[in-house]
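Please keep the structure open beside you as you read.

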Amino acid sequence: MDELDASIVRLLQSDARLSNRELARRLGVAPSTALERVRSLTRRGVIRGYGADVDLKALGRNAEALVSVQLGRHQRSIYESFRETVGAWPEVVTLFVVSGGSDVVLHVAVQDTEHLHAFLVDRLATRPEVARFQTSMVFDRLHNRVLEPLDGE
């Protein structure tokens, strides 16, 4: 990935709605060059898609938590079943399979703490794979929306 590719990725992360013509103008290249580079980045899997950044609170999801889950057994089929099922629940924003004391970390966003409690007790705790879990409330977060290649890449 050269500097032009990095610039394209940076600009599209900042505003994925940029037209090809505007992208080319900002980069100082021909529109055909910009288009071919974006297509190449997409083919190579660097650009995986485009989406809207949505405010969770505007959707009525005022309570966020990170839930560290430890599974009772450690088999690939158990991880996959858990990931597919729980990852599709509407309360789950992101599911991470991790190492360390937990096996999975869930980022959940719900209406309020009562709904969070119901999610934990009535849904998560009833999953047969779950041995235990620990919940940390999220009070604030900063999400870096523009990622740069790190040195050496």
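Setting aside residues up to four places away in sequence, E91 touches R61, H107, V108, A109, V110, F119 and R123. You will find E91 in the loop between α4 (76-87) and β2. Because its relative accessible area is 18%, and buried means under 20%, E91 counts as buried. Do keep in mind that this is a predicted model.

One of the partners of E91 is V108, so let us turn to that residue next. V108 sits in strand β3, which covers residues 104-110. Is V108 buried or exposed? With a relative accessible area of 1%, V108 is buried. Beyond its neighbours within four places in sequence, V108 is in contact with A63, E64, A65, V67, E91, V92, V93, L116 and F119.

Now for helix α1, where L12 is found. L12 is buried too, at a relative accessible area of 10%. Its contacts, not counting residues up to four places away in sequence, are L18, L23, V38, I47 and Y50. The C-alpha atom of L12 is also 8.8 Å from that of V146, a residue 134 places apart from it along the chain.

For contrast, have a look at G51, in the loop between α3 and β1 (63-71). G51 has a relative accessibility of 67% and counts as exposed. Between the C-alpha atoms of G51 and D140 there are 22 Å, and the two residues are 89 apart along the chain.

| Residue | Relative accessible area |
|---|---|
| E91 | 18% |
| V108 | 1% |
| L12 | 10% |
| G51 | 67% |

How do α1 and α3 lie relative to each other? Their axes come within 10 Å and cross at roughly 85 degrees, which means that α1 is roughly perpendicular to α3. On the α1 side the meeting residues are L4, D5, I8, V9 and L12, and on the α3 side they are T33, R37, V38 and L41. By class, this contact of α1 with α3 holds six nonpolar residues, one polar and two charged.

Helix α3 (residues 31-43) also packs against helix α2 (residues 20-27), with axes that come within 8 Å and cross at roughly 105 degrees. This angle makes α2 roughly perpendicular to α3. Here N20, L23 and A24 of α2 make contact with P31, A34, L35 and V38 of α3. The residues of this contact of α2 with α3 are six nonpolar, one polar and no charged. V38 takes part in the contact of α3 with α2, and V38 is also listed where α3 meets α1.

Finally, the open space. What is the volume of the largest pocket? The value comes to about 1,400 Å³. The largest pocket is lined by 35 residues, and A52, D53, H143, N144 and R145 are the closest to its centre. Two or more lining residues come from each of α1 (3-14), β2 (92-97) and β4 (130-138). With three residues, α1 gives the largest share of the lining. In terms of class, the lining of the largest pocket has 18 nonpolar, eight polar and nine charged residues.

Methods. Residues are numbered from 1 along each chain as its sequence is written. This is a predicted model: local features need pLDDT of at least 70, side-chain atom pairs count only at pLDDT 80 or more; totals for chains, interfaces and linings use all residues. Side-chain values use heavy atoms; hydrogens and water are left out. Axes are lines fitted to C-alpha atoms, for helices over the stretch in contact, and angles run from 0 to 180 degrees between N-to-C directions. Helices (H or I, at least four residues) and strands (E, at least two) are DSSP runs, numbered from the N terminus. Angles under 35 degrees count as roughly parallel, over 145 as roughly antiparallel, 65 to 115 as roughly perpendicular and the rest as oblique. Contact means heavy atoms within 4.5 Å. Ala, Val, Leu, Ile, Met, Phe, Trp, Tyr, Cys and Pro count as nonpolar, Asp, Glu, Lys and Arg as charged, and the others, Gly among them, as polar. On a 1 Å grid over the protein atoms alone, a cavity is a set of points where a 1.4 Å probe fits but cannot get out, and a pocket is an open set with protein on both sides within 12 Å along at least five of seven lines; lining residues have an atom within 4 Å of a point. Grid points are joined across faces, edges and corners, and a volume is the space filled by probe spheres set on the points. Buried means under 20% relative accessible area, exposed over 50%, partly exposed in between (1.4 Å probe, protein chains only).
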